Amino acid sequence: MLTVNIIKELPAFSLQIEISVKNEVLVVLGPSGAGKTTLLQCLSGLQKPRRGEIVLNGRVLFSSTARVNLPPRYRRVGYVFQDYALFPHMTVEQNAAYGMKGNRQEGLKLQEVLEMLQIAHLARRYPGQISGGERQRTALARALLADPELLLLDEPLSALDYETRHKVRGELKSLQRHWRIPFILVTHDLEEAAFLGDRVVRLEKGRVAGWGVPEKREVSAG
Ligand SMILES: Nc1ncnc2c1ncn2[C@@H]1O[C@H](COP(=O)(O)OP(=O)(O)OP(=O)(O)O)[C@@H](O)[C@H]1O
């Protein structure tokens, strides 16, 4: 469970967000410049709110009153960027394992996650030698293998072609069901929001402008 209550001044307006997220996919929609990326960066520790609190499963990640501001590496928050930000000089396997502890048990988990994301056969290739969809899955593997308690995804599918996007979004959804942690996903795509979101929040000028439960077109099994 994630609870967020923060204020952060931006040049044109201030971001003021109060939300709670359970083990679900929360989709964040909103026009360009509404503060979506800034929100994710505050949650991951890359930006610092001016005031407020961020609490993840009872752990205080940020609190202005208690003067807590955990650095990103201690937050257990995975972040998949729009451009995936893989290390070009590392193989798929090395990229995925970045942030793991490196014991034997972890090695087995690495194999399991690479197989689950269908990139095990690419383990020794470099990011420049695989497709956009495969890079996206490598970035996801890296985020998941760091054992996050919260996963942030900033337009993770936007660089993919139509077919791959459809395939990977289904995988994302089953991944969340399997991992049972909150996912917060930013997108501009309404269809993607409806498919992936358990709830959808719309931001405008740094504030919550509306909530919705998307209408599902697909009937999910179970
Ligand atoms: N480094 C920065 N310096 C100054 N202002 C910034 C910076 N980054 C973002 N902003 C401003 O903060 C506001 C929120 O930006 P943010 O990137 O969070 O929006 P967004 O909703 O993610 O937009 P998009 O959908 O275009 O990615 C915008 O008004 C933007 O101009």
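Student: In this predicted model, which residues does alanine 141 touch, not counting residues up to four places away in sequence?

Tutor: Alanine 141 touches Ala96, Val113, Leu114, Leu117 and Ile119. Contact here requires C-beta atoms within 7 Å.

Student: Why is leucine 114 called buried?

Tutor: A residue is buried if 20 or more other C-beta atoms lie within 10 Å of its own. Leucine 114 has 22 such atoms within 10 Å, and is therefore buried.

Student: Where is leucine 114 placed, and with which residues is leucine 114 in contact, leaving aside its neighbours within four places in sequence?

Tutor: Leucine 114 belongs to helix α3, residues 104–116. Its contacts, with those neighbours left aside, are Ala96, Ile119, Ala120, Ala123 and Ala141. As for leucine 145, 31 residues separate it from leucine 114 in sequence, and the C-alpha to C-alpha distance is 9.8 Å.

Student: Which residues have the most contacts inside the largest nonpolar core?

Tutor: That core has 57 residues, and those with the most contacts inside it are Val27, Val28, Leu43, Ala141, Leu152 and Leu185. Helix α4 (residues 132–145) gives the most to the core, with six residues.

Student: How many residues does each domain bring to the contact between domain 1 and domain 2?

Tutor: The centres of the two domains, taken over C-alpha atoms, are separated by 22 Å. Domain 1 brings 15 residues to the contact and domain 2 brings ten residues. On the side of domain 1 that touches domain 2, the elements giving two or more residues are α1 (36–44), β8 (150–154) and α5 (162–179). Of these, β8 gives the most, with four residues. The residues of that side divide into nine nonpolar, three polar and three charged.

Student: What makes the protein chain as compact as a globular protein of its length?

Tutor: The chain contains six helices and eleven strands. Its radius of gyration is 17 Å, close to the 17 Å that the globule rule gives for 222 residues, so the chain is as compact as a globular protein of that length. Along its principal axes, the C-alpha trace spans about 45 × 40 × 35 Å.

Student: Which residues surround the ligand, and how do the residues of this shell divide?

Tutor: The ligand is surrounded by Leu10, Pro11, Ala12, Gly30, Ser32, Gly33, Ala34, Gly35, Lys36, Thr37 and Thr38. The shell divides into four nonpolar, six polar and one charged.

Key
Residues are numbered from 1 along each chain as its sequence is written. This is a predicted model: local features need pLDDT of at least 70, side-chain atom pairs count only at pLDDT 80 or more; totals for chains, interfaces and linings use all residues. A residue is near a molecule or strand if its C-beta atom, placed from the backbone, lies within 6 Å of it. Ala, Val, Leu, Ile, Met, Phe, Trp, Tyr, Cys and Pro count as nonpolar, Asp, Glu, Lys and Arg as charged, and the others, Gly among them, as polar. A residue is buried if 20 or more other C-beta atoms lie within 10 Å of its own, exposed if 12 or fewer, and partly exposed in between; C-beta atoms are placed from the backbone. Two residues are in contact if their C-beta atoms, placed from the backbone, lie within 7 Å. A nonpolar core is a set of buried Ala, Val, Leu, Ile, Met, Phe, Trp, Tyr and Cys residues joined through C-beta atoms within 7 Å. The radius of gyration is taken over C-alpha atoms; the globule rule is 2.2 Å times the number of residues to the power 0.38. Domain bounds come from an automatic or database domain assignment.
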